[in-house]
Amino acid sequence: MTQKHPIILGAHMSIAGGIENAYLSGASIDCTAIQLFTHSNRQWAIKELSADTIEKVQAAQQQTGITHAVVHASYLINVASTDAETRRKSKNMLHMELNHCAALGINFLVLHPGSNPSIEEGCKLISEAINETFEKNSSKVTILLENMAGQGSQIGYRLEQLATLRQEISAKKRIGFCIDTCHLWAAGYDFSDHTGYHKVLKEVDSILGIEHIHAIHLNDSKQKLNSQVDRHANIGAGTIGLEAFRLIMNDPKLKNIPKILETPGKELHEYAHNMKILLDLVKS
Ligand SMILES: [Zn+2]
Ligand SMILES: [Zn+2]
């Protein structure tokens, strides 16, 4: 498969029928980056990957030439939970997720920080869990904390909260960030025009450091700015609008960061359509 565009762009790919299919499907619509789950994201049961699975994924990686892959951790994980049993299961799953990434040769694991009515207590539990997990898994796999919309008692909807979490983690080289445009908008950051965009980007850089951002989720939003509601929309079909995506796609500071769609239509042609909209925004 040839890669027709130099921009690191792709989408979240299904692993139905085998993890390797995420690579094969991605390549079929010219993704140069993909995101995937490594297991069913709605079940607590998780086991180590078989040698056969690992071999098939490595073959697909080589065949497609897709080197920018990130794993998204299960939505069930909440290491900040007030419930001890949920915390225990979450820590176990986080550990397994890191093992999966290491086994597949994928360097990045995107993680929702977690939910807890007390931000202080939640942050403490999250950093403790990540520190523990890193002690048990000595690979180079980096956890990317994703910014959240701020629904319920989600932690990480303010950039400062993500920065605080990173500060508390001992293995600094193994902790970075993933920025989701829909979540950022829902959390009240207005980057929809030139002035707003540059203000928000400056904030992102001074609080998180652009060098620590290793993935960007490109999603428009069905809900309004500062709604605290997480509803992804197709690019240009939501309330953020195309100008923001034009600014992102043409920003040299973000050029080397993989950009990944998590738009609502999960069919390949729907992702391809969103990718085309984004690529058409790039100034040649
Ligand atoms: Zn996410
Ligand atoms: Zn996301």
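How many bridges join strand E6 to strand E8? In this predicted model, where local features need pLDDT of at least 70, side-chain atom pairs count only at pLDDT 80 or more, and totals for chains, interfaces and linings use all residues, there are 4 bridges between E6 (residues 142–146) and E8 (residues 175–180), and the two strands run parallel. Residues are numbered from 1 along each chain as its sequence is written, while chains are lettered from A and ligands numbered from 1 in the order in which they are written. Helices (H or I, at least four residues) and strands (E, at least two) are DSSP runs, numbered from the N terminus, and two strands pair if DSSP finds at least two bridges between them. Ile143 has Ile175 in E8 as its bridge partner.

This pair belongs to a closed barrel of 8 strands in the order E1-E2-E3-E4-E6-E8-E9-E12, paired in parallel. On average, neighbouring strands of the sheet are turned by 30° against each other, direction ignored.

Turning to the helices, the axes of H1 (residues 20–28) and H2 (residues 51–64) come within 8 Å and cross at roughly 15°; axes are lines fitted to C-alpha atoms, for helices over the stretch in contact, and angles run from 0 to 180 degrees between N-to-C directions. H1 and H2 are therefore roughly parallel to each other (angles under 35 degrees).

Ala27 lies in helix H1. Ala27 counts as buried because 21 C-beta neighbours lie inside 10 Å (the cut-off is 20 or more other C-beta atoms within 10 Å, with C-beta atoms placed from the backbone).

Key:
Parallel < 35°, antiparallel > 145°, perpendicular 65-115°, else oblique. Buried ≥ 20, exposed ≤ 12 C-beta atoms within 10 Å, placed from the backbone.
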